Amino acid sequence: MGRTHEPPRLPEGGFAAWSRDRLAVARRGADECGDVWQLEPGVYVAATAEPCEAVLRRAEDFPKAPSPLFPPLKRSSGAPTREERAHAHAARMRGLRAQAVAARLGEIATGVARFADHWPTGGDVEILPPVRRTLAETGLRYLFSEDAPTLLPFASRLFLAREVLVRPSRWVWPRWVPTPARRFRTRQQVAFTDALRPIVRRRRSSGRLGDDVLGQMLRPSSRHGPLPDEAVLDTLPGITVATFETPSRAAGWILLQLARHPETADRVAAEAAALLPADPAATTGTHLDSLHYTQAVVREVLRLHPPSWLLTRHVRRRTQLAGYTIDAGSTVLVCPYTAHRDAREHPEPDRFRPERWLDDTGSPAEGGAFLSFGTGPHGCEGVALAMAMLTLLTAQTARRYHLSEPPGPEPGYQVTTFQGLATVGLRLRATSRS
């Protein structure tokens, strides 16, 4: 029998303390309260690796909240059916699975190499804007091929709408209230959809569907036939933003660690020089798979600074979690940030040590819990694409430059935590290795 009493309350200030300094309180909660702790009545935090993984894998008990950032637009024809949404998801995944990403690595490598090509040397540069621009161009090219330049400005405004929508507010409005942020989101979603609709119609009418993600979604299924246009259009705004939003946040932390750990950067640079072709377009899956240390660096940064540091799940039915009884209707917050600092999974959890992801021969190894892209039925769809972009961006940048932080006693950035960890205002200096 599990314990029927409540998990311990978050100490020293409860929700107010959580709001003032989320990350510090989250870490203190894991250290002081154990595996699961109560934030406020009906709201619990899974703080260590085992309960975090349990919640994410047990989707029948802890379903993901049905609240997409870009919900289907209201139309006279109605929203896509459940079967159409499932068909759209399966079609989208055909273009995002690891084999599909490996087949287009030359395009991805060429895209991310532009970041290193265009980084001005000799001065301090705020790096998140050019990183986001590079990854947006690369991600949209992967999704839409030659139609990407047409859609890029609309995707940029979709990203802005997301940023506005998820900013913390003192008021929590019901989902049906048309707040200014939600109206702005809808306008940008409509604009993106209106720009994408003629592209869909042109591809269908010409029969040249393309081998990109959009082309996969336009191919008829043997079971369901072709997807209706609206089902295709409704599913793409969210994946379009996700293609570059999360990798951009992660890239900021990666570049900061390269600046702070020059010996790590030197080892990445040497690996890239030895294993990557001089022409990024010639990059293949074999090249990517051989970058063992670079991939370990990316995973270690994602462990320490997971871009999505807090995930929300609802409790469908009364159930047990880490020995505690959690009532139906409660909310469980899964915290990869603290799960990744569980010393039972990661010895010396606060130390930056990429070697934990390698075995004694330098080959990839399981280094403990890793939830930066989630896990279970609702794990990130684009994990293969994101890891490819981040690994190649890391390798290409370290191969070309020594990175350093501006002088000063304080970090040259701010950490923002709404919906993800980001190094806002991060400035770095690049010096050519040659």
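This briefing describes the strand pairing, salt bridges and aromatic contacts of the structure shown above. The structure is a predicted model, and its mean pLDDT is 87, with 89% of the residues reaching 70 or more.

**Confidence**

- Over residues 8-22 the pLDDT stays under 50, and for this stretch the model has 34 contacts beyond four places in sequence.
- Where pLDDT is low, the predicted coordinates should not be read in detail.

- Strand β3, which covers residues 124-126, is joined by 3 bridges to strand β11, which covers residues 427-432, and the two run antiparallel.
- Within this pairing, Glu126 stands opposite Arg427, and Val125 stands opposite Leu428.
- Strand β8, made up of residues 401-404, pairs with β11 over 4 bridges, also in the antiparallel sense, and here Ser404 stands opposite Arg429 of β11.

- Which parts of the chain does the salt bridge of Asp35 and Arg344 tie together? The side chains of Asp35 and Arg344 meet with a distance of 3.0 Å from N to O; Asp35 lies in the loop between α2 (22-33) and β1 (36-40), and Arg344 lies in the loop between α15 (336-339) and α16 (383-400), so the pair ties together parts that are 309 residues apart in sequence.
- Asp35 is partly exposed, having a relative accessible area of 27%, whereas Arg344 counts as exposed at 60% relative accessibility.
- Arg92 and Glu381 form another salt bridge, in which the closest N and O atoms are 2.7 Å apart. This pair links distant parts of the chain, with Arg92 in helix α4 (residues 82-96) and Glu381 in the loop between α15 and α16, 289 residues apart.
- Arg92 counts as buried, since its relative accessibility is 8% and the buried class lies under 20%.
- In the salt bridge between Arg162 and Glu245, the closest N and O atoms are 2.1 Å apart. Arg162 belongs to helix α8 (residues 148-166) and Glu245 to helix α11 (residues 229-260), and this pair too links distant parts of the chain, 83 residues apart.
- Elsewhere, salt bridges that share partners join Asp147, Arg202, Arg203 and Asp212 into one network.

**Aromatic pairs**

- The count of aromatic pairs comes to 7. In one of them, the rings of Phe115 and Trp119 have centres 5.0 Å apart and planes at 55°, so the pair is tilted.
- Phe115 and Trp119 are both buried.
- Trp119 also pairs with Tyr401, again as a tilted pair, at 5.9 Å centre to centre and with 55° between the planes. The pair links distant parts of the chain, because Trp119 lies in the loop between α6 (105-118) and β3 while Tyr401 lies in strand β8, and the two residues are 282 residues apart.

Technical notes:
Residues are numbered from 1 along each chain as its sequence is written. This is a predicted model: local features need pLDDT of at least 70, side-chain atom pairs count only at pLDDT 80 or more; totals for chains, interfaces and linings use all residues. Side-chain values use heavy atoms; hydrogens and water are left out. Two strands pair if DSSP finds at least two bridges between them. pLDDT is the predictor's confidence in each residue, from 0 to 100. Contact means heavy atoms within 4.5 Å. A salt bridge is a side-chain nitrogen of Lys or Arg within 4 Å of a carboxyl oxygen of Asp or Glu. Buried means under 20% relative accessible area, exposed over 50%, partly exposed in between (1.4 Å probe, protein chains only). Rings of Phe, Tyr and Trp (its six-membered ring) pair if their centres lie within 6.5 Å; planes under 30 degrees apart count as stacked, over 60 as edge-to-face and the rest as tilted.
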